[in-house]
Amino acid sequence: MKTNTSSAVQRLVRGAIEYDDTRDGFALEHHVVLAASSALAVAAFMAPSRSAAAIRGIGAGLLLMRALSGSQGVRSWLSVTDRRPGAPLSPEEARAAWYL
């Protein structure tokens with residue numbers, strides 16, 4: 001039986017995201033990752049070569065996405081609602097979005 005690699009990777013990533021959403025993170029976890037992302041972005045500008053700058057920039061972007069994801073940390077600091085992207089809107093939310 002042949003499995004599709006992309007669907008296997010999607011299941012793996014979905015499982016990791018769901019696990020991360022349910023676990024309790026350590027204090028200031030997302031803030032530490034945000035600081036590391038910023039430091040890596042600055043280091044990318046001071047890299048000796050283009051390839052090193054590209055690798056550091058990619059790492060900074062990945063860390064930035066990690067800092068902004070999850071239900072704790074930067075997301076709660078910015079008071080972002082805890083609604084998952086792609087979830088259907090309630091009738092009240094749909095009316096509010098329509099009037100905007």
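**Figure 1. Overview of the fold.** The protein contains five helices and zero strands, where helices (H or I, at least four residues) and strands (E, at least two) are DSSP runs numbered from the N terminus. This is a predicted model, in which local features need pLDDT of at least 70 and side-chain atom pairs count only at pLDDT 80 or more, while totals for chains, interfaces and linings use all residues. Residues are numbered from 1 along each chain as its sequence is written, and side-chain values use heavy atoms, with hydrogens and water left out. Along the sequence the pattern reads α-α-α-α-α. Of the 100 residues in the protein, 15% are buried; buried means under 20% relative accessible area, exposed means over 50%, and partly exposed lies in between (1.4 Å probe, protein chains only). The protein exposes about 8,000 Å², and carbon and sulfur atoms supply 66% of that area. Accessible areas come from the Shrake-Rupley method with a 1.4 Å probe, and for residues only the protein chains shown count as cover. Among contacts between residues at least 6 apart in sequence, 56% join residues at least 24 apart, a contact being heavy atoms within 4.5 Å.

Figure 2. Helix H2 covers residues 29-45. Its 17 residues should span 24 Å at 1.5 Å a residue, and the end C-alpha atoms are 25 Å apart, which agrees; the expected span is 1.5 Å times one less than the number of residues. The buried residues in H2 are Glu29, His30, Val33, Ser37 and Ala44. Viewed down the axis of H2, these buried residues fall within an arc of 85°, so they line one face of the helix. The arc is that of the directions from the helix axis to the C-beta atoms. As background, an α-helix has 3.6 residues a turn, so residues three or four places apart point the same way.

Figure 3. Ser37 is located in helix H2 and is buried, with a relative accessible area of 6%. Apart from neighbours within four places in sequence, Ser37 contacts Ala60, Leu63 and Leu64. Ser38 is also found in helix H2, but at 40% relative accessibility Ser38 counts as partly exposed.

Figure 4. One salt bridge is found in a search of the whole structure; the criterion is a side-chain nitrogen of Lys or Arg within 4 Å of a carboxyl oxygen of Asp or Glu. The side chains of Glu29 and Arg66 form a salt bridge at 2.9 Å, N to O. Because Glu29 lies in helix H2 and Arg66 in helix H3, the pair ties together parts that are 37 residues apart in sequence. Glu29 counts as buried at 9% relative accessibility, whereas Arg66 counts as partly exposed at 25%.

**Figure 5. The two sides of helix H3.** Helix H3 (residues 50-68) has 19 residues, which should span 27 Å at 1.5 Å a residue; the end C-alpha atoms are 27 Å apart, in agreement. Ala52, Gly59, Ala60 and Ala67 are the buried residues of H3. They cover an arc of only 105° around the axis, which puts them on the same side of H3. Arg50, Ile58, Leu62 and Met65 are exposed on the other side of H3. Ala67 has a relative accessible area of 0%. The C-alpha atoms of Ala67 and Ala36 are 9.5 Å apart, although the two residues are 31 residues apart along the chain.

**Figure 6. A nonpolar surface patch.** Val9, Val13 and Ile17 form a nonpolar patch on the surface, with about 240 Å² of accessible area together. Patches are made of residues with over 30% relative accessible area and no salt bridge; like charges are joined within 9 Å, and nonpolar side chains (Val, Leu, Ile, Met, Phe, Trp, Tyr) within 5 Å. Val13 sits in helix H1 (residues 5-22) and counts as partly exposed at 43% relative accessibility. Ile17 is placed in helix H1 as well, and is partly exposed with a relative accessible area of 45%. Ile17 and Ser69 are 52 residues apart in sequence and 9.3 Å apart in space, C-alpha to C-alpha.
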